[in-house]
Amino acid sequence: MNSQLNGVISHIRPVSREWRQKARDYLSRLAIPRGSLGELLVLAEQLSGIRETLKPSVSKKAVVTMAGDHGVVREGVSAFPREVTPQMVNNFVLGGAAINVLAETAGARVVVVDMGVAADLGTLVKEGKILSYKIDHGTRNMARGPAMTREQARRAVESGIEIAGKLVREGVELLATGDMGIGNTTPSSAILAVLSGRPVRQVTGRGTGISDQALENKVRAIEKAIEVNRPDARDPVDVLAKVGGFEIGGIAGVILGAAYHRVPVLVDGFISTAGALLARALAPDSVEYMIAAHRSLEYGHQFMLEELGLSPLLNLNLRLGEGTGAALAMNIVEAAAQVMGKMLTFEDAGVDGPGG
Ligand SMILES: Cc1cc2ncn([C@H]3O[C@H](COP(=O)(O)O)[C@@H](O)[C@H]3O)c2cc1C
Ligand SMILES: O=C(O)c1cccnc1
């Protein structure tokens with residue numbers, strides 16, 4: 001019945017082995033000591049495999065910042081009140097948030113999406129300042145029952161897929177994920193615990209900077225949510241519905257949409273990587289389109305990256321979200337594309353190779 005989602009999932013393929021090989025051959029001939037551009041070469045090869053060309057372009061960039069609220073904030077799991085979510089959406093529109101400033105340094109658009117903020121953002125939608133895929137005014141409290149229905153979970157993922165498709169049709173060549181939602185490190189930890197089988201306490205951190213007491217509330221709320229809802233780790237839509245969030249589903253969808261359209265996608269920090277875990281669970285090959293932007297200071301992030309087998313480009317002690325780490329990594333991805341597209345080989349540059 002979940003036909004649109006299944007249709008996309010069934011069309012996600014691994015990146016081209018043939019183009020990866022061609023890229024590897026070409027990169028090995030660049031006028032540099034072999035391998036000396038390190039991770040840039042790994043990235044360049046990935047970009048060639050994704051785009052199926054030796055001259056991949058990632059110059060048109062967009063960060064999709066997905067916003068949603070969380071019923072579980074009632075359990076005292078965040079240092080900030082729920083009202084901050086719509087207030088920050090407003091800040092994104094004003095251009096005064098960290099993501100606005102950092103995306104600008106990469107020449108990237110910021111696309112703000114209301115996936116389920118618990119406030120009326122209709123005016124911003126009408127003015128064309130944000131997109132609305134609003135599913136509800138916040139999720140339900142997952143410590144008491146499912147965060148959302150299965151139908152809503154599917155819709156959240158499909159919304160992300162649709163947004164990615166729309167941006168690709170507008171010419172976007174590099175996507176990045178971001179999040180805004182007070183309380184959303186709680187469902188992110190829950191998703192990690194369920195999908196990795198790790199103990200809740202081990203994967204639960206301090207988010208916006210919570211007290212010892214709030215950390216206890218948070219661990220207990222997640223344990224309760226898993227106990228009450230019994231999410232099925234083999235069924236990612238079930239996990240999202242029971243212990244997830246609207247924006248996390250949207251992020252998973254953006255990643256799946258990127259993989260479907262064969263566009264690279266930079267995955268931001270803790271919340272975005274929770275979305276990536278769901279995307280990988282839905283379509284294992286989607287991981288080949290992901291680029292881990294950075295390693296967040298949020299404690300459990302390392303386990304998420306480990307699960308996905310991704311190594312982050314940056315380690316800047318960020319713990320903000322919004323897409324900030326992904327925006328910062330964009331210029332590195334651009335650099336990799338330019339190395340591939342513009343550098344000369346030993347032969348073309350008239351430089352002697354090794355042992356000559
Ligand atoms: C002013 C402000 C701006 C933010 N931008 C991102 N987050 C980040 O912090 C929140 C998650 O942390 P927790 O689970 O502890 O609530 C999310 O909104 C995330 O995007 C922010 C948080 C605040 C307070
Ligand atoms: O890594 C993140 O994305 C993050 C960490 C803490 C709070 N908000 C976001």
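Predicted model: local features only at pLDDT ≥ 70, side-chain atom pairs only at ≥ 80, totals over all residues.
Residues are numbered from 1 along each chain as its sequence is written, while chains are lettered from A and ligands numbered from 1 in the order in which they are written.

**Entry 1. Glu 322**

I began with Glu 322, which the UniProt annotation "active site" covers in an unreviewed entry. UniProt positions are given in the numbering used here, feature names are shortened, and annotations may be inferred rather than shown by experiment. I located Glu 322 in the loop between α13 (301–308) and α14 (324–342). Helices (H or I, at least four residues) and strands (E, at least two) are DSSP runs, numbered from the N terminus.

Is Glu 322 buried or exposed? I call a residue buried if 20 or more other C-beta atoms lie within 10 Å of its own, exposed if 12 or fewer, and partly exposed in between, with C-beta atoms placed from the backbone. Glu 322 is buried because 30 other C-beta atoms lie within 10 Å. Leaving aside neighbours within four places in sequence, I found Glu 322 in contact with Thr 65, Ala 97, Ala 98, Ile 99, Gly 178, Asp 179 and Met 180. I also recorded that Glu 322 has a positive phi of about 70°, although it is not a glycine.

**Entry 2. Arg 230**

I then looked up Arg 230, which is not a glycine and yet has a positive phi of about 45°. Arg 230 is placed in the loop between α9 and α10. I counted Arg 230 as exposed, because it has 10 other C-beta atoms within 10 Å.

**Entry 3. The two ligands**

For the ligand shells, I treat a residue as near a molecule or strand if its C-beta atom, placed from the backbone, lies within 6 Å of it. Around ligand 1 I listed 18 residues, of which Ser 78, Thr 185, Gly 207, Thr 208 and Gly 321 come nearest. The elements giving two or more residues to this shell are α4 (84–94), β4 (174–180) and α8.

For the classes, Ala, Val, Leu, Ile, Met, Phe, Trp, Tyr, Cys and Pro count as nonpolar, Asp, Glu, Lys and Arg as charged, and the others, Gly among them, as polar. The shell of ligand 1 divides into 7 nonpolar, 9 polar and 2 charged residues.

Around ligand 2 I listed 13 residues, and Gly 269, Phe 270, Ser 296, Glu 298 and Gly 321 come nearest. The shell of ligand 2 has 3 nonpolar, 7 polar and 3 charged residues.

**Entry 4. Helix α8**

I followed α8 (residues 185–196) along its length: its 12 residues reach 16 Å from the first C-alpha to the last, close to the 16 Å expected at 1.5 Å a residue. The expected span is 1.5 Å times one less than the number of residues.

Why is α8 described as largely enclosed by the rest of the structure? The reason is that 11 of its 12 residues are buried. The buried residues include Thr 185, Ile 191 and Leu 195, and the buried residues of α8 pack against α9 (212–229), α10 (236–243), α11 (246–260), α12 and α13. After α8 comes Gly 197, with a positive phi near 75°.

I placed Leu 278 in helix α12 (residues 270–282). Leu 278 counts as buried because it has 28 C-beta neighbours inside 10 Å. Apart from neighbours within four places in sequence, Leu 278 is in contact with Ile 191, Pro 236, Val 239, Leu 240 and Ala 252.

I placed Ala 221 in helix α9. Ala 221 counts as buried, because it has 28 C-beta neighbours inside 10 Å. Not counting residues up to four places away in sequence, Ala 221 touches Val 72, Glu 75, Val 77, Ala 143 and Thr 186.

**Entry 5. Domains**

I noted a division of the protein chain into domain 1 (3–55 + 341–349) and domain 2 (61–333), with bounds from an automatic or database domain assignment. Their C-alpha centres lie 28 Å apart. I recorded 14 residues of domain 1 in contact with 18 residues of domain 2. On the domain 1 side, α1 (3–10) and α3 (38–51) are the elements that give two or more residues, and α3 gives the most, with 5 residues. This side of domain 1 has 9 nonpolar, 2 polar and 3 charged residues.

Terms used. Contact = placed C-beta atoms within 7 Å.
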